[in-house]
Amino acid sequence: MNLDQVAAHTPDHRLLDDFGTLRVVFGILLKDGQDIRVDSLFAFAQVSLLQAVRRLRAINAEVEVVAIRR
């Protein structure tokens with residue numbers, strides 16, 4: 001659902017006035033605290049992450065991928 005659809009359905013929805021900046025952070029935990037590199041993720045995970053990042057950036061979202069340390 002996009003903002004036009006929200007406005008058509010509920011014109012006074014608070015999301016329309018204060019949408020703010022969309023920011024998504026993917027936190028990835030790898031074995032032994034490895035750094036995130038192209039070869040540190042399985043192929044299907046690389047493809048899924050790339051598709052998600054591309055779609056999010058297409059809607060002007062800020063996207064970040066960070067390593068989770070234990």
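**View 1. Glu64 and Arg23 form a salt bridge in this predicted model.** Their side chains meet with N and O 2.4 Å apart. The pair links distant parts of the chain. Glu64 sits in strand 2 and Arg23 in strand 1, 41 residues apart. Glu64 is partly exposed, at a relative accessible area of 32%. Arg23 is also partly exposed, with a value of 48%.

**View 2. Arg23 and Glu62 meet in a salt bridge.** Here the N to O distance is 3.0 Å. What are the two ends of the pair part of? Arg23 belongs to strand 1, which covers residues 23-28. Glu62 belongs to strand 2, residues 62-67. The contact therefore ties together parts that lie 39 residues apart in sequence. Glu62 is partly exposed, and its relative accessible area is 39%.

**View 3. Asp39 pairs with Arg37 in a salt bridge.** The closest N and O atoms of the two residues are 3.1 Å apart. Is Asp39 buried or exposed? Asp39 is exposed, with a relative accessible area of 58%. Arg37 is partly exposed, at 46%.

**View 4. Arg23, Glu62 and Glu64 belong to one network.** Salt bridges that share partners join these three residues. Arg23 meets Glu64 in another. How many salt bridges does the structure hold? The count is four. Among them is the pair of Asp39 and Arg37 shown in the previous view.

Technical notes. Residues numbered from 1 in each chain as written. Predicted model: local features only at pLDDT ≥ 70, side-chain atom pairs only at ≥ 80, totals over all residues. Heavy atoms only, no water. Helix = DSSP H or I, 4+ residues; strand = E, 2+ residues; numbered from the N terminus. Buried < 20%, exposed > 50% of the residue type's maximum accessible area, 1.4 Å probe, protein only.
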